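Below is a short exchange of questions and answers for someone meeting this structure for the first time.

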Amino acid sequence: MILEWFNAGDASKIGVALADQFTPPQTSSARPAKKAAPKEPADALLEILHRADHEVRSLRLNFYKKAKLANAFKWRLLENGFEKTKADEVTQRLVMLLSENPATSALDQPSAAQPTHQLQSTNTKQLLALGNKSIARGAYAEAIDIYQRLIKVDPRHAAALNNLGAALSKLGRFVEAEAYFHQAIRVDADFPDAYSNIGTTLLLKGLYEDAESFLRRALKLNPRLVEARINLGLALAFLSRLRDAKSNFEKALKYDPRNAEALVGMALIAKTQGSFDQAEAMLERALKVNPGMSKALASQVSIRKMTSSDNAWLESAEKAAGSGINLLDESELRFAIGKYYDDIESFKLAFGSYKLANDLLKSIAEPYDRGSYKGFVDRMIDAYTPKVLGRVEDGASVSMKPVFVVGMPRSGTSLTEQIISSHPLARGAGELEFWGHAAREHEATLGSPLDESTRRKLAEAYLKVLEVNAGGALRIVDKAPVNADYLGLIHSVFPNARIIYMQRDPIDTCLSCYFQKFVLSLTYTMDLSDLADHYRQHERLMAHWRAVLPPGTMLDIPYEQMVADQEGWSRKILDFVGLEWDQRVLDFHTTKRSVVTASFWQVRQKIYQNSVRRWRHYEKFIGPLLDLKNPAR
C-alpha cells in the first residue's frame, strides 16, 4: 500500500518508496504473453499521485525537502534498472507536479476532482471545459491529461492543442509546449493566442527578434490581446527599441489601466534609462494593484543597494516565493533575495538563495550539453586558421564602424561599452542578435569560409542594423558577449573592425553569472560545474582567436586593471578604436543613454573596485570554480 509510506517524515524515504512503485521498461523479448505491459512512467506517476492526493499535499514539503525527495527518487529509479534519460524525464515530471500551487490544485481539493465518466468522455466540448477548469485551478498536470484525451478524440482541435501547450508551459516543459503551439497554428493559421504563446516562449529563451515576429502576428489578428502587447513591449525593450516598447506598454494600459505586468514593463523602460525614482514609483503602483507580485518585488532589488532596514521587503518576498507561484517567478524572486543578502553581506544566506534560484531554473531548462559546445569550439579552431583569417576576401566590408566588445557574460562588457559610448562620435547598440542569427542561418557552412556573395550580404545587412540602432555615429559598439564565439566569421566580413576582449578573474566572472538570472537558453550558468567547463572551452577558443587574428585586430583588457586605472585604459581603448581623446569618457556614469543589460545600475555608478575578488566571500561554497585559478589546467 502506497499510503503507508506517506506517513513517513523523511523525504528521502518517500522518494525511494515512490520510485519502487514503478516497473522499469521491459527490454527482453521473453516477457510473458499474458502479463500486462507496464505503464509508461509518466502515466504511472500521474496515477500514483492521484491515488495519494491528500497524503502528498498534507506533507507540505518545502523546496529543500522536495529536492531531497526527487534526488532519492531518481537514484532509486536508476537502481531499479531505468535508463538515465528516462529517470531524468520522470523525475522532472515529479518535480513539476509537486510544484503546482497547493492552494488551487485539485490534489488539495478532492471534491473538485473530475468524475471518472467525464474524463473518459468523447465529448470534446465537455473535455475542453474540464481542461480549462483544471488550468484555472492551477492543476496543470490534470489539465494536460484531459487535453491529451481530447486530442486523441480530435487531433485537429486547435484550442485543445494550444491549451495543452499552455499547461505544459506552466510546468516548465517549454520544448513540448512550443511544438503544440505550432501544431495549433498548422490547424488554424489565424489563431492569435497560439502566435502569442509561441512569442512568449521565444521571449523566455532570449530569442527576441523571433518573439517579436510571432507577437506582432498575434496582435494583427487581435489588437486587444493585452498579454501579447506586454510581451511585445518586453521583446522590443530587450532589443533596445525602447520608444516602441514603451508605446506597447502604454497601449496595454489603455486597454487595462490597472495591469500590473504593463506597469512593471514601464518600470523596466525607466530603469534602463537610469530613471530609478520613476521605476520605483511604477513598481509601487504595480504592487498596489497586485500585492506580493513576484516580478515587481524582484525588480525593486535591481534598482538600488539593499540594506538591513529593507526587512519588510524581505518578508514580502519570502512570503511570495513560498506561496506556490510558478517556478520561473519563484526563481526570479530567489535571485532577488540572494542579492538582498549579498548587499547586506550575509553571504551564506545569499549563496543558499542563489543556489535555490538556479536549481529551480535548472529543473525546467534543457540540460547543458558540454560535448556540444566543445565540438563547436573544435570546429571553429579547425576552420579558422591563420591562413584563412590572414587574407581579406572579396565581398568583405572595409568599414571600421563596428566595434565588438566580447567576453564571458558579467566580465565588464557593459562598462567598456558605456565608456566608448560616452565619446561624442560613438554610440552603443547594446547586445545585438545579428551574428547569432547569422551563425544559425549558415550553420551547415560555418566550418568553412563564406563565399563572396554571402559576405557582402551580411556586411550590408549588419551596417543597416547598426544604422537603425545607433544612427550615423563614427563608431558603434555591439557588446553581445556571445559574439566571442563567432569572431572568425565576423572578421571574415569586417576585417577592419576592432575587437575588444574583456577578461575578468574567472572565478568572479563565473560566480557573477551564477548570481544572475539569464534567459533559459544560457543553461551553463545554472550549475557551477557547467560554468567551469564552459569557461575553459571559452578560454580555449579565445586563445585561438588571439593567435590567428591579424595583429592589431583585438585588444585584451583585464577588468581589474581597468577599474584600477580608469584613465589609462580609457585612453588605450579610444586609441585602439581610432577616436581622439575626450575627457567626457571619464564621466561615463553620467551619460544619458539606455542600457538594456543586467548592468544597467552599475554603469550609472562611478568605477568601483568592490567587485574585484568578490568570490572570496563565497570560497567555501564554490568548489567547482576554484580550479579555474590553477594555471596548469
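Q: What makes strand 1 and strand 3 a pair?
A: Two strands pair if DSSP finds at least two bridges between them; strand 1 and strand 3 run parallel and are joined by three bridges, and in strand 3 the bridge partner of F404 is D478. Strand 4 (residues 498-503) also runs parallel to strand 1, with four bridges joining them, and there the bridge partner of F404 is I499.

Q: What kind of model is this, and how are its residues numbered?
A: This is a predicted model, in which local features need pLDDT of at least 70 and side-chain atom pairs count only at pLDDT 80 or more, while totals for chains, interfaces and linings use all residues. Residues are numbered from 1 along each chain as its sequence is written, and side-chain values use heavy atoms, with hydrogens and water left out.

Q: Why is strand 1 called mostly covered?
A: Buried means under 20% relative accessible area, exposed over 50%, and partly exposed in between (1.4 Å probe, protein chains only); five of the five residues of strand 1 are buried, with P402, F404 and V406 on one side and V403 and V405 on the other.

Q: How do you know that the length of helix 25 agrees with its number of residues?
A: The expected span of a helix is 1.5 Å times one less than its number of residues; the 19 residues of helix 25 (residues 452-470) should therefore span 27 Å, and the end C-alpha atoms are 27 Å apart, which agrees.

How values were computed
Helix = DSSP H or I, 4+ residues; strand = E, 2+ residues; numbered from the N terminus.
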